[in-house]
Amino acid sequence: MLALVLLALLASPAAAWAHAALQSANPAADSVNAAAPERIALTFNEPVQLLGLRLIDAAGRDHSPATAPEVRDGHVQWTLPDRLPDGRYLVSWRVSSLDGHVICGTFTFAVGAAVGTPRAMSIAHGSQRPVLAPPAAAR
C-alpha cells in the first residue's frame with residue numbers, strides 16, 4: 001500500500017515541486033519607454049520572500065532606491081523616488097520561493113531614445129552584483 005502511495009505522489013504533477021517563476025514585470029523586459037517609470041513591479045506565480053533587488057544603468061551606476069520594496073503575496077513593488085535619466089537599465093532580482101529554493105533573474109529596459117545598440121548586460125552566475133559587458137565593464 002505504501003509503495004502505491006509513493007508511486008502516485010511521484011507520478012503526479014504536483015505544484016509543490018515547482019519553483020517560483022516571474023510572470024510579468026513593469027516596465028516590461030526589453031521594452032523602450034518614452035517616460036521613466038515611477039516604479040518597478042514584479043509579479044510571481046506564488047508568494048516569495050525578496051532577497052535582493054537592484055537597478056543598474058548601462059554605465060554601471062546603481063540607481064536602486066534606498067526605500068524597501070513592498071512585497072505582498074507574489075507581488076513586488078519598488079517606488080523610484082527620482083526620475084530615471086534616459087538610457088538603458090538592468091533590473092536584477094533574487095527571491096526565495098515557497099519551497100525554499102532561491103531563484104534569481106535579470107531583465108533590461110530603456111527610457112527615452114536609447115542611444116545606439118543595446119549594450120549586453122547580464123548577471124554573473126552565483127552573484128548578486130550585475131556585471132556589464134564591455135565597454136562599460138572596462139571603466
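The exercises below work through strands, aromatic pairs and a nonpolar core in a predicted model.

Residues are numbered from 1 along each chain as its sequence is written, and side-chain values use heavy atoms, with hydrogens and water left out. Because the model is predicted, local features need pLDDT of at least 70 and side-chain atom pairs count only at pLDDT 80 or more, whereas totals for chains, interfaces and linings use all residues.

**Exercise 1. Determine which side chains of strand β6 are buried and which strands pair with β6.**

Step 1. Strands are DSSP runs (E, at least two residues), numbered from the N terminus, and buried means under 20% relative accessible area with a 1.4 Å probe, protein chains only.

Step 2. Two strands pair if DSSP finds at least two bridges between them. Strand β3 (residues 39-44) pairs with β6 in the antiparallel sense over five bridges, and threonine 43 has histidine 75 of β6 as its bridge partner.

Step 3. Strand β5 (residues 70-72) runs antiparallel to β6 and is joined to β6 by three bridges, with glutamate 70 opposite glutamine 77. The two strands β5 and β6 form a hairpin with two residues between them, and aspartate 73 in the turn has a positive phi of about 55°.

**Exercise 2. Find how many aromatic pairs the whole structure holds, and classify each of them.**

Step 1. Rings of Phe, Tyr and Trp (its six-membered ring) pair if their centres lie within 6.5 Å, where planes under 30 degrees apart count as stacked, over 60 as edge-to-face and the rest as tilted. A search of the whole structure gives two such pairs.

Step 2. Phenylalanine 44 and tryptophan 93 are edge-to-face, at 5.1 Å centre to centre and with 75° between the planes. This pair links distant parts of the chain, since phenylalanine 44 lies in β3 and tryptophan 93 in β7 (residues 87-96), 49 residues apart, and both residues are buried.

Step 3. Tyrosine 89 and phenylalanine 109 have ring centres 5.6 Å apart and planes at 25°, so this pair is stacked. Tyrosine 89 belongs to β7 and phenylalanine 109 to β8 (residues 102-111), so the pair ties together parts that are 20 residues apart in sequence; both residues are buried.

**Exercise 3. Describe the largest nonpolar core and the elements that contribute to this core.**

Step 1. A nonpolar core is a set of buried Ala, Val, Leu, Ile, Met, Phe, Trp, Tyr and Cys residues joined through side-chain atoms within 4.5 Å. The largest one has 21 residues, and Leu42, Leu55, Trp93 and Phe109 are those with the most contacts inside it.

Step 2. The elements giving two or more residues to this core are β3, β4 (49-57), β6, β7 and β8.

Step 3. With neighbours within four places in sequence left aside, leucine 55 is in contact (heavy atoms within 4.5 Å) with residues including Trp78, Leu80, Leu84, Tyr89, Val91 and Phe109.

Methods. Buried < 20%, exposed > 50% of the residue type's maximum accessible area, 1.4 Å probe, protein only. Helix = DSSP H or I, 4+ residues; strand = E, 2+ residues; numbered from the N terminus.
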